[in-house]
Structure formats: C-alpha cells, structure tokens
Amino acid sequence: MASGVDVEQSEVPYQVSFRFIDPDRHLGSGAILNVRYVITQASFIWKLMRTYPDQPLSALARIRLGQVELLSKADDQLRSIYGYTFHPAFDFEVARNDVALVRTLEYIEFNRFVQPVALRKGPIPEGSVVQYTDWGAEKNTAAQNEYKDKLQKLEARAISNEQCKELLNPWDLQDLVYDTRVCIYTNGTGSICTGNVGGPLVIVEEGQPQLVGVMSYVYRACNAYVPGGFERLWNHYEWITKTSTIDYSFLGLGFIKFELYTNRRDRHLIRVDSDLKTLA
C-alpha cells in the first residue's frame, strides 16, 4: 500500500500471513476468528487453487501468526491448513460474497502477539475511521521482493455505497459496488496497491478492534483518489459465526482463556444515535 505506516508486533495480533510452504513466502493475509478459524478473501484461495489444481491447499500453504515482518523467523508460530469453506453465494467472476473461512489442523495458541478479533455484528456509521493492514507493495505491478518489509496500516474513512459509485463513475466501475461491499476512501492520503490480498479492515471502538471487512477489490490500484472495496462482513455475520463454531469442551483452554475469548468475540454492541447514519 502507498503511504502506509509500520505496525508494531502487538498492535494487530489478529493478523495472519498465508505462506507458501516451499519456498516460504507471503501469499495473502487474513484475520484470526478463534482457535481454529481464520477469515480471508475467497478469490485469493480460489485463484491459488486454480493455479495449482493438482495439489490440495494443505500441501501448498500454511498460516503464520504473531509476526509483522514479511520474512519468516525460525520461532514463528505456524499452523497447517485442514480445509477451507467459501461463502455459499461466492461468485469469482464478479467478486461477490468474496469471503472464505480457513480451518487450521492444529489449534492456534494465543499469546500477547496472537489473539482473535471481534466480528462486528451490525453496520458502522458512515464516515467512520477504519484501519486496513497488509504487506502489499506501493506500486501497481510489483514482485515479491518489492513488498513492504514490515506490516503496514492505512487509515481511511468508510463511505456510503452511493458516494463510492459516484467516485468510480469516471472509470465506469460503479456497477462493481455491490450491497455486500464497504468502500473506504483516503481523499489522497494513501492507497491500496499490488499484493494486498484478504487483509482485515477494522473499526476501533473504546480501544478494541472490530472486524468489519476483508480486502476484496482494488478498483484503481495505487490511486489515492479512488475508493478501495472490501467484503462487508456484517452482511455475512450469521454464516460466519455458524460455520466457524467450535465445541470448546474439547479444548482444555481453562476458564480464564475461555472468558477472554468470549468477551472479545461477543463485543458486538452497537451504539445507536438518532442523528447517526450507518452503512446499512
């Protein structure tokens, strides 16, 4: 991304990197939902499987957690992939319902740098400040060695779909703004470029991040005056929570860790003000 800022290791403990197993390199991003599930962009997984049709995802890639450096380290927490699930209405050709859940083979071990993110249940107010994080490059076409060495964050405003369509109209891209998409806009201060795939979009309220989207569509790469499109996760809240449900009686995490998890995950209350417009 262009004009992003370096992220410290403890800032976004929910961020993950999908890695090629051999040779190890970054493929795309995602966010931790719980001890077994990571959420990401369906198109990312779909294209990877189309590129390597004779290999299962578990043989191609694995998930790295708790690290902000692009290059892996010997002591990184890595998890094998057990399987993946696309949204039942996912359509690759038009990038609709562009969300996937990836299940790990082993349980994710939570610590200071590895934590789940709360999934927001309802819409966010129009004009809200949101934050996107990823390792992508700051140019339109880039090789892996041109990606950012450290995880980057970009702050923007969430705009209505109507405003998003108006801004995209000069390029005749307005029809690609679907009702399950949330657009972000920096008004010239930053942009999304090559290599930004599946990364999380969050809103921070009372110091706590809530997941509202995953990277889906770059309308005009590296153009800071063009919105970026994310899959709007509150539209898929029921499907995500149902599909990623875990029977915690088998985990043996202990009462304290269970309470920490449920408190983070259940932080979905939305303040409703009569003069506050939301991105319904």
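Trainee: Arginine 19: buried or exposed?
Mentor: Arginine 19 is buried, with a relative accessible area of 1%. Buried means under 20% relative accessible area, exposed means over 50%, and partly exposed lies in between, with a 1.4 Å probe and protein chains only.

Trainee: Before I go on, what kind of model is this?
Mentor: This is a predicted model, in which local features need pLDDT of at least 70 and side-chain atom pairs count only at pLDDT 80 or more, while totals for chains, interfaces and linings use all residues. Residues are numbered from 1 along each chain as its sequence is written, and side-chain values use heavy atoms, with hydrogens and water left out.

Trainee: Back to arginine 19, then. Which residue does its side chain meet in a salt bridge?
Mentor: The partner is aspartate 24, at 3.0 Å from N to O. A salt bridge here is a side-chain nitrogen of Lys or Arg within 4 Å of a carboxyl oxygen of Asp or Glu. Aspartate 24 is partly exposed, with a relative accessible area of 31%.

Trainee: How many salt bridges does the structure hold?
Mentor: The structure holds five. One of them joins lysine 153 and glutamate 11, with 2.7 Å from N to O. That pair links distant parts of the chain: lysine 153 is in strand β10, glutamate 11 is in the loop between β1 and β2, and 142 residues separate them. Helices (H or I, at least four residues) and strands (E, at least two) are DSSP runs, numbered from the N terminus.

Trainee: And how accessible are lysine 153 and glutamate 11?
Mentor: Lysine 153 is partly exposed at 21% relative accessible area, and glutamate 11 is partly exposed at 35%.

Trainee: What does lysine 150 pair with?
Mentor: Lysine 150 forms a salt bridge with glutamate 8, and their closest N and O atoms are 3.6 Å apart. This pair also links distant parts of the chain, with lysine 150 in the loop between β9 and β10 (152-159) and glutamate 8 in the loop between β1 (5-6) and β2, 142 residues apart. Glutamate 8 is partly exposed, with a relative accessible area of 44%.

Trainee: Changing topic: how many disulfides does a search of the whole structure find?
Mentor: The search finds one disulfide, counted as a pair of cysteine sulfur atoms within 2.5 Å. Cysteine 164 and cysteine 183 form it, with their sulfur atoms 2.1 Å apart. Cysteine 164 is in helix α3 (residues 161-168) and cysteine 183 is in strand β11 (residues 181-185), 19 residues apart. Both cysteines are buried.

Trainee: Why is that disulfide of cysteine 164 and cysteine 183 called left-handed?
Mentor: The torsion about its S-S bond is about -75°, so the disulfide is left-handed.

Trainee: Now the rings. How many aromatic pairs are there?
Mentor: Rings of Phe, Tyr and Trp (its six-membered ring) pair if their centres lie within 6.5 Å; planes under 30 degrees apart count as stacked, over 60 as edge-to-face and the rest as tilted. By this rule there are six aromatic pairs. One of them is tilted: phenylalanine 86 and phenylalanine 90 lie 5.1 Å apart centre to centre, with 50° between the planes. Phenylalanine 86 is partly exposed at 23% relative accessible area, whereas phenylalanine 90 is buried at 16%.

Trainee: What about tyrosine 132 and phenylalanine 230?
Mentor: Their ring centres are 5.1 Å apart and their planes stand at 75°, so that pair is edge-to-face. Tyrosine 132 belongs to strand β9 (residues 129-134) and phenylalanine 230 to strand β14 (residues 228-232), 98 residues apart. Both residues are buried.

Trainee: Which residues form an aromatic cluster?
Mentor: Tyr84, Phe86 and Phe90 form one.

Trainee: Which ring does the charged end of arginine 96 sit over?
Mentor: The charged end of arginine 96 sits over the ring of tyrosine 178, 4.2 Å from its centre. The criterion is NZ of Lys or CZ of Arg within 6 Å of the ring centre and within 35 degrees of the ring normal. Arginine 36 likewise lies over the face of tyrosine 107, at 4.4 Å from the ring centre.

Trainee: One last topic: which residues of helix α1 are buried?
Mentor: In helix α1 (residues 42-51), the buried residues are Ala42, Ser43, Phe44, Ile45, Leu48 and Met49. Their cover includes β2 (15-20), β3 (25-32) and β4 (37-40). Across the chain there are five helices and 14 strands, and 54% of the 280 residues count as buried.

Technical notes. Contact means heavy atoms within 4.5 Å.
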